[in-house]
Amino acid sequence: MLYREAGDFSTTYPQDSQTFPIKFDRYRYYAVLAIAFGIIPFVINDYWANAVFVPFLIYAIAAIGLNILTGYCGQVSLGTGAFMAVGAYSCYKLMTAFPEVSMLIHIPLSGLITAGVVTLFGLPSLRIKGFYLAVATLAAQFFLVWLFNKVGWFYNYSASGQISAPERDVFGIIVTGPNTEAWAKYLICLLFVTACALAARNLTRGMTGRSWMAIRDMDIAAEIIGVNPLKAKLTAFAVSGFFVGIAGALFFSVYLGAAEVGESFGIDKSFLVLFMIIIGGLGSIFGSFAGAAFMVLLPVFLKNVFVGGLGWPTDLAAHLQFIVSGGLIVMFLILEPHGLAQLWRIAKEKLRLWPFPH
Amino acid sequence: MKLTTLTIAAVMAAGPVMADLVFPSLSYRTGPYAANGIPFADGYEDYFTLLNERDGGIGGVPIRVIECETGYNTEKGVECYESTKGEGALVYQPLSTGITYQLIPKATADGIPVHSMGYGRTSAKNGQVFSNIFNYPANYWDGASHAVTHILNENSGDISGKKIALVYHNSAYGKEPIRTLQELSGKHGFELMEVAVDHPGQEQKSQWLQIRQQRPDYVLMWGWGVMNQVAIQEAANIRFPMDKFIGIWWSGSENDVLPAGDGASGYKALTFHNLGKDYPVYADLQKYVVDAGKSAGAGDQLGTALYNRGMYAAMLAAEAAKTAQEISGNSDISPAEMRAGMEALEITQAKMEAIGLPNFGPTFSVSCDNHGGDGYGAVAQWDAGAGQWSLITDYYQSDQSIITPLVEEDSAAFAAENAITPGCS
């Protein structure tokens with residue numbers, strides 16, 4: 001009824017190849033953008049920003065980054081946590097070395113540095129694949145964490161080995177440090193999420209993305225039809241690293257404010273982002289958002305229901321939360337192995353036919 | 001039954017807006033640090049329950065403790081902070097150095113005090129820079145100095161050429177004492193050997209193999225959670241003399257030594273308060289909290305080292321709140337008034353006696369220049385046969401000639417980094 005393409009004609013090629021060819025989808029997308037940019041910044045408070053929106057948006061960037069590498073190009077990576085740490089530590093070094101430069105420059109720069117490091121660790125992917133590559137990225141995870149712990153230069157020789165974000169601004173609006181307003185935090189993350197998602201979406205449906213997917217589906221066949229595996233794999237690593245680096249920089253500077261590499265960027269962070277894209281859906285930008293929302297919001301939601309709503313003891317709630325989220329993950333993977341994105345696709349198909357399914 | 005009462009309590013707490021004093025308890029009853037997190041949280045909450053039941057709160061205003069599970073994880077800690085600060089939280093005691101580092105700038109910006117008792121950022125002792133952060137009565141650098149002084153005393157003042165190993169949790173917490181120990185090694189001429197253990201510390205075979213090879217004369221430990229138990233067990237396995245193995249106060253609870261059984265006998269740990277349950281306050285706790293079925297958690301932690309520490313933390317917070325009420329003349333105090341109360345806090349023998357904890361900890365007074373107390377501590381030793389800790393030294397002061405310049409230096413660096421002009425308001 002509501003959701004259909006009948007009467008929605010495209011008369012030019014750009015119309016035909018736009019991201020949301022169905023009118024209803026397009027309007028929904030504009031509505032989401034309008035609410036995100038036009039309404040939420042005015043009503044957001046500290047709790048919603050720090051506990052819900054900021055982590056969700058940052059993890060969404062990280063998930064998009066990993067999805068490009070794993071979902072689109074088929075290269076499994078277990079080093080996301082450490083790659084985020086590269087972004088965070090480059091951001092910290094840049095922030096302290098060039099205090100007068102805007103964060104809008106520091107954050108993409110940290111992304112570029114991370115892209116370089118990730119490409120370096122992507123080199124083995126030209127020789128090995130699958131589990132063996134996963135192990136190579138796992139080595140990157142442990143090596144980088146060890147490096148940031150060991151070499152004092154990275155944390156400016158602070159006594160505790162912690163890095164903490166000084167106050168920095170964008171056009172006079174403070175975006176890092178303790179005096180940041182909730183809306184400023186939210187908006188800077190939203191800005192980067194929107195830019196990253198648009199870039200990722202357009203990369204994946206262009207020439208670059210198609211060569212990634214060709215490599216993912218069968219690398220020998222791709223090579224025969226003229227896809228350069230060196231170029232395709234390394235660009236996937238670089239682009240993925242860029243996004244993950246941006247996520248790491250935002251995670252440290254805007255969200256946490258102070259970070260310690262072993263705790264904030266350990267192996268569990270790598271798994272968390274991997275779970276996000278598996279739950280959300282491999283090879284889908286929407287899936288990255290859905291997965292990030294699921295993994296970030298569900299624990300907060302369950303905690304508020306159990307402790308805030310029902311008044312249960314906190315330890316019982318914490319344990320139950322593990323059981324419920326674990327159970328839901330298993331259930332989702334059994335019922336829909338292609339993730340939330342596939343559920344969304346099926347829902348759209350059904351809606352298109354509704355109310356006359358035959 | 002317990003569940004229903006809790007539900008009713010939560011509904012009542014959420015219902016009408018009454019004047020109350022809110023003390024959030026950022027606890028961890030799950031995860032690899034739960035063994036140490038539970039007794040502390042129980043002690044913290046039980047003491048406030050006692051004040052509510054016996055005295056009707058502090059200065060006639062009831063106390064509300066909001067518990068929030070952090071799992072010793074900084075991200076969850078931040079979430080807990082954000083979700084509880086709107087309730088009028090008076091003071092945060094996160095029991096985690098990582099979370100304390102997160103809260104130092106945030107709480108300062110929000111004007112809420114943080115009391116990191118014996119943990120957190122050591123240089124927060126300098127109240128001119130860290131206006132809202134308190135770490136009385138002792139800090140990590142005091143602890144490092146206490147341990148070295150104890151070793152000095154055992155060796156009649158000469159430890160040049162000795163080798164001392166530091167087994168530490170590879171995090172901000174474990175790295176804190178390194179600077180001080182380096183200074184002390186320069187002063188006393190001992191050799192410092194650093195052995196890092198990564199979170200959570202369940203696997204320490206290689207670290208203890210290294211200790212077995214290098215044969216240090218003493219081992220110091222900055223451990224927490226499951227790392228403590230494993231380290232003490234490993235030390236017992238390699239037959240390291242236990243009386244030469246000294247833990248910081250966070251590595252000195254019953255949970256840490258019990259798994260190693262008799263092997264742990266003789267293990268030493270520092271402390272900045274007394275141990276055991278031989279105090280009048282325990283009679284009240286039994287009467288008003290335990291027998292009334294109001295104890296927090298499982299109610300089986302009374303009298304353990306960390307339960308006492310949690311209770312001590314709650315006691316200091318309650319005394320600071322009393323001081324704040326006296327200063328402001330206002331019984332329903334705000335976080336800013338609480339901060340002023342903490343800065344004017346004075347713990348005397350008479351006060352501790354009145355509370356029912358005579359001689360429980362050192363006497364000290366807090367001022368704007370000194371948020372960290374005077375740095376008194378003592379050494380306790382575990383007796384596996386009797387199953388208890390006992391103090392083997394008096395309270396003695398740390399080497400202020402080493403620590404004061406370090407505090408100055410580190411807090412000046414923080415002030416420069418964050419553009420803070422040191423001064424008293």
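Predicted model: local features only at pLDDT ≥ 70, side-chain atom pairs only at ≥ 80, totals over all residues.
**Exercise 1. Find where B:Pro137 lies and state the form of the bond from B:Tyr136 to B:Pro137.**

Step 1. The loop between strand E4 (133-134) and H5 of chain B contains B:Pro137.

Step 2. The peptide bond from B:Tyr136 to B:Pro137 is cis, and its omega is near 5°.

**Exercise 2. Describe the length and burial of helix H5 (residues 140-154) of chain B, then what follows H5(B).**

Step 1. H5(B) has 15 residues and spans 21 Å from first C-alpha to last. This is close to the 21 Å expected at 1.5 Å a residue; the expected span is 1.5 Å times one less than the number of residues.

Step 2. Eleven of the 15 residues of H5(B) are buried, and the helix is mostly covered. A residue is buried if 20 or more other C-beta atoms lie within 10 Å of its own, exposed if 12 or fewer, and partly exposed in between, with C-beta atoms placed from the backbone.

Step 3. Among the buried residues are B:Tyr140, B:Trp141, B:His146 and B:Ile151.

Step 4. B:Ser156 follows H5(B) and has a positive phi, near 40°.

Step 5. B:Asn155 is in the loop between H5 and strand E5 (163-169) of chain B. B:Asn155 counts as partly exposed because it has 15 C-beta neighbours inside 10 Å.

**Exercise 3. Classify B:Tyr72 and B:Leu95 as buried or exposed, and give the phi of each.**

Step 1. B:Tyr72 belongs to the loop between E2 and H3 of chain B. Its phi is positive, about 60°, although B:Tyr72 is not a glycine.

Step 2. B:Tyr72 is buried because 28 other C-beta atoms lie within 10 Å.

Step 3. B:Leu95 belongs to the loop between H3 and H4 of chain B. B:Leu95 is not a glycine, yet its phi is positive, about 50°.

Step 4. B:Leu95 has 31 C-beta neighbours inside 10 Å and therefore counts as buried.

**Exercise 4. Work out how helix H2 (residues 34-55) and helix H11 (residues 280-290) of chain B are placed.**

Step 1. The axes come within 9 Å and cross at roughly 75°. Axes are lines fitted to C-alpha atoms, for helices over the stretch in contact, and angles run from 0 to 180 degrees between N-to-C directions.

Step 2. H2(B) and H11(B) are therefore roughly perpendicular to each other. Angles under 35 degrees count as roughly parallel, over 145 as roughly antiparallel, 65 to 115 as roughly perpendicular and the rest as oblique.

Step 3. B:Asp46, B:Thr49, B:Leu50, B:Glu53 and B:Arg54 of H2(B) make the contact with B:Asp284, B:Leu285, B:Tyr288 and B:Val289 of H11(B). Residues are in contact if their C-beta atoms, placed from the backbone, lie within 7 Å.

Step 4. This contact of H2(B) with H11(B) has four nonpolar, one polar and four charged residues. Ala, Val, Leu, Ile, Met, Phe, Trp, Tyr, Cys and Pro count as nonpolar, Asp, Glu, Lys and Arg as charged, and the others, Gly among them, as polar.

**Exercise 5. Describe the side of chain B that touches chain A.**

Step 1. Chain B gives 36 residues to the contact, and chain A gives 31 residues.

Step 2. H4(B) gives the most to this side of chain B, with seven residues.

Step 3. The residues of this side of chain B are ten nonpolar, 14 polar and twelve charged.

Definitions and conventions: Residues numbered from 1 in each chain as written. Chains lettered and ligands numbered in written order. Contact = placed C-beta atoms within 7 Å. Helix = DSSP H or I, 4+ residues; strand = E, 2+ residues; numbered from the N terminus.
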